[in-house]
Structures are given as C-alpha cells and as structure tokens.
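Subject: Structure for your review

Hello,

I am passing on the structure we discussed, with notes on what turned up in it. Please read the notes with the structure open beside them.

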Amino acid sequence: MANTTIQLKYSDVTATPLSLNTSEPAYSNSSNKLFIGQSDGSVVAIGGKYYTALVDAATSANTASTIVKRDSNNDFTAGTITANLSGNATTATTLKTARDIGLAGDATGNVSFDGSSNVTLTVDLSDTGVSAGTYGGSSQIPVFTVDAEGRLTSASNTGVSIATNLSVASDTGSGTLALATDTLTIAGRDGLASIFVDANNTVLLDVDNTVVRTTGGTISGDLAVTGNLVVSGNTITQDVETVVVQDSLVKYANNNSADALDIGFFGQYNDGSTKYTTLFRDASDSGKYKLLTGGTTEPSAANTVDPTTFSTATLVANIEATSVLVKGKNVLDHANGAYDTANSATTTAQNAYNLANTNATSVASAYNHANGAFTTANSATTTAQNAYNLANGTATIANTDVTNISTTAGTYGSAAIVPVFALEANGRVSSVTNTTIAIAASAITSGTLGVTRGGTGFSSYTANGVIVGGLTSTSALTSVASSTEGHVLQISSSGIPTFAHLNGGSF
C-alpha cells in the first residue's frame, strides 16, 4: 500500500487538544507536539517537532536553554552546576574551611586539619583510679574489677588459703582425708569395676553385663521381676519361640479413651514379598471386626490399619449368629422369608396338581367338541371362498360405473397451489389433488425482482464493488467501487457510503 495516506486529527491554531479518546493521537502545528489521549481522560504530549528540535540543538558548549551533550572527548562546558557530585577531583590544595578533629569521653584529644599536610592526633586516656603497680605473687592472688568498656577500675591483692584436709562422704559412712599423707581408694563391687588412668589422673567406673544401664544393655542370665514391670517405650521386641501368659484375658488399647485406635493384632509372612495379616476392630468403620490378609502396608505406630492395602481373608469356622449382613442386607431375614415362601408355594402347587387331575376329564371332552367345530369351520371356509370369487367378478363390472370415481367435492387451485387431475380413458376425472407451486431459479429468464419481493432491484453492478443498500428501505441495492489504492470504505457526513483516504479531522 505504497500510496496509502492516513491523516491524524490536527490543528493549526490550538496548541493542545482539550480532549482525546483513549489512545487517540492528534498533532498541533501550532505547538509542534504530538499528543495522545489517556484512559483517565487526560491528554499528554508524546513527541513532535518541538522535542526533536531540542534534541537537534543539543551541544557541548555552554549555551543557555539547550540540552547538554558530550563532545568526542566525553566532555562538555558549563557554568555553575547546581547538584550533588560524586567522584574524585583532579586537584585540590586545601579545604575551603579548616576542620578540627577531636576525641571525647575516656580518651580525649584535638587537632586542626585543612588538607594541606598530614596531622597527628595526640590521645590522652582518662585515669580510672587504679594505683600503678604489680599485683599477684606466690602467696597472693590479684583481684581486679573490670567495667563494661574493659577498663580496670580497681585492683588489689588477697592471700592464698590452702586446705590440708578433704571431707569424704558415701551412702554408708563419711570421714576426713589428710591431703598430705592419706590416699583415697575407690574400690569396685558386684557388677562395678574401678580403673585408674595414671596418664590423666582419672578414675573410671565401669559396669559389667550383670547391670542394666539406663541407656540400654544386654542381660546374659535369667531375669526375675517379682514386682510390676513398667515399660514406657513404644515397642517391645520378644525374640522367643513361646510366650506364656498366665492371665486368660489380655487388655489392649488401655489409653483409647476416645475410640480413635484400631484394636487387634497382626502378623508378618512372606510369599515372595513381605505381607501382613490382621484381625482387628476398625475404629473408623463403626467398630466392625475385620479379618484381612495380603497387606502391603505394616500397621502404623499410631495404632491404625489401612484396610485399602489388604485383601479380605477367608475364615474356616462354624458361625452362630442372630443376623448375617451381606452388602447391608440381613441374609437370615431373606432366607427365612424364602423358606416361608417356598412352603406356601409347595402348598399352592399341590392344590394346583389336584385341580389339574380333576379337570383332565373335562379337557378330553372339550377336545372332542373342538374337533367337530373344526370340521364345520372347514366347510364354511370353502363356502366363503366361493362367495369371494363371485364378489370379485361383480367389483370388476362395478368399476366401470360413473359412481365409483374417488374424488372429494371442493375447490382446487389458488395463487400458491396448482390442482393435479387424473383422467380415465373415457375422459372422466377419477381423482384430483393440490400441489404447492415450486419454480426453479433456472426457469426465470427475464425481469428484475424488486427489494420488496426479496430481490436486489437491479440487474448488474460495478465489478469489484461493494453492494450497499439504497437510499430508502425499498430502493434498489447499489454498488460502490474505487480503483484508487489505499482507499477505504467510509460513511460521509450525509450517511452515504463512499471510498476515500482516511482523514483524522481537526480540533
């Protein structure tokens, strides 16, 4: 579309349009700015000759009201720059104003600095009140007081006091040990041995396998507990072949106060892979007892069984029950009902058998009567066939009578339908019907169908044109065409379709 021309809304006198639609552009030849409408109704400048002229006029020289650009050496000339600058100056002689650098607090000092040369700051430490001297010795221990800043605020000496005796106490006695002459002996007893390590002056106390440690251990002999044995762990492992329990009842789930735990026991077997089988009361299923096998998930430490990982096990036993539910139905109720129904059906069948025997004689008699009726009916059929043949010959003769024409009295044909007649060889109308008029388009070879009849109202149109409606609702259709590249179909101020280049209008 090399010749396409699209014109924006413009103005030669107004500097800024008062309003524009959202994303609608407009150009002012007065201010030389390009504007666009915002979604909030405002109009903003986004470009134009005004701004390109500013860019074109940019210079590295110190020229007022121009954009600054660097020259080929990345430099530019300026007068006064009002801004915060960062970086290093090429040269500096002194500070504009000399500054004092001082210390205050526990350390004091002051020096003046103007940048022309190096300076030294002399620091004076404040006295803390501690007397200068040496503290501590062979018979004295120094005692210091240190404040939060790490300074010694006081210092003194204290004499060394060494005890000569050591008091010793045990579960069954006590005494005094002279540190200079006596030796403290730590002896072992049953299950407990003492070991002295000379290298680090350490006495080790060790127990043998006859003592149970609080951290665990192994007892090689028999263990008899005459009191109650309380185990607070989560698992008791019994590596024995037989477990003998004197009590006849074993209590499980002692802490199941909210009916939240499954109660029962499970075992492990291997049929090629580890499996589990269990008999338990399912707390999550109304307390039903379940016998499962083939489980792939071991019941958890939280005392729950996941039935979805098990299969139903087979129980071989004699069952005595007041009800047996299968898929929610009581099988015993249905069995009892079936039994009663069967008993009733047996009685009914017996009665029917007796009645059938009684009626057998009557049936034989009825059979003889039926045979006689069949012979009579067969004779009547022959007579009827003869009557049919006679009637058929009569109908052939009657068909030539004028009174046998199958037509219905009435009016046939209208503006939308055509009557269809059937004539006999003798010229008589034997039937008449109506059929709807249907004319094929190929049968119409002349004339122009008007708009009110569903046509176009004209017989030809301009090639490559666009068909549009007429000036009125019943006027013939017309075509609008253009051979100019870039033309688009528009509506003129009079509401008439026309081809022309786009024109944005003015403001």
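Asp259 is partly exposed, because its relative accessibility of 37% lies between the 20% limit for buried and the 50% limit for exposed. Please keep in mind that this is a predicted model, and that the values below come from its coordinates.

Salt bridges

Arg281 has a relative accessibility of 21%, so it counts as partly exposed.

A further group of charges involves Lys290. Asp282 forms a salt bridge with Lys290, and the closest N and O atoms are 2.8 Å apart. Lys290 also meets the side chain of Asp285 in a salt bridge, at 3.0 Å from N to O. Are Asp282 and Lys290 buried or exposed? Both are buried; for Lys290 the relative accessibility is 18%, and the class follows because buried means under 20%. Asp285, at 25%, is therefore partly exposed.

Elsewhere, a network of salt bridges links Asp106, Asp147, Glu149 and Arg151. The structure holds nine salt bridges. As background, side chains of opposite charge can pair when their charged atoms come close.

Lys275 is another lysine to look at, and it lies in strand β15. Lys275 is buried because its relative accessibility is 17%. Leaving aside residues up to four places away in sequence, Lys275 touches Gly267, Gln268, Tyr269, Gly294, Gly295 and Thr296.

Aromatic rings

How many aromatic pairs does the structure hold? There are three. One of them is Tyr50 with Tyr51: the ring centres are 5.0 Å apart and the planes stand at 90°, so this pair is edge-to-face. Tyr50 is partly exposed because its relative accessibility is 39%, and Tyr51 is partly exposed with a relative accessible area of 33%. Another pair is Tyr135 with Phe144, where the centres are 6.1 Å apart and the planes are at 70°, so it too is edge-to-face. The cut-off behind that label is an angle over 60 degrees. Tyr135 has a relative accessible area of 24% and is partly exposed; Phe144 is partly exposed as well, with 41%.

Lys33 lies over the face of the Tyr50 ring, 4.6 Å from the ring centre.

Strands

Strand β3 (residues 33–37) pairs with β4 in the antiparallel sense, over four bridges. Within this pairing, Ile36 has Val44 in β4 as its bridge partner. The hairpin of β3 and β4 has five residues between the strands, and Gly41 takes a positive phi near 90° there.

Three strands make up an open sheet in the order β5-β6-β7, with antiparallel pairing. Its edge strands are β5 (99–103) and β7 (124–125), each of which pairs on one side only. Five bridges join β5 to strand β6 (residues 107–113), again in the antiparallel sense. Leu103 stands opposite Gly109 in β6. For reading side-chain directions, note that in a regular strand the side chains alternate between the two faces of the sheet.

Confidence

The mean pLDDT of the protein chain is 81, and 85% of its residues reach 70 or more. Which elements have the lowest and the highest mean pLDDT? Helix α2 (residues 331–398) has the lowest, at 62, and strand β4 (residues 43–47) has the highest, at 95. Over residues 394–399 the pLDDT is below 50, and this stretch has two contacts in the model beyond near neighbours in sequence. Where pLDDT is low, the predicted coordinates should not be read in detail.

Regards

How values were computed
Residues numbered from 1 in each chain as written. Predicted model: local features only at pLDDT ≥ 70, side-chain atom pairs only at ≥ 80, totals over all residues. Heavy atoms only, no water. Phe/Tyr/Trp six-rings, centres within 6.5 Å; stacked < 30°, edge-to-face > 60°. Buried < 20%, exposed > 50% of the residue type's maximum accessible area, 1.4 Å probe, protein only. Lys NZ or Arg CZ within 6 Å of the ring centre and 35° of its normal. Pairing = 2+ DSSP bridges. Helix = DSSP H or I, 4+ residues; strand = E, 2+ residues; numbered from the N terminus. Salt bridge = Lys/Arg side-chain N within 4 Å of Asp/Glu carboxyl O. pLDDT = per-residue confidence, 0-100. Contact = heavy atoms within 4.5 Å.
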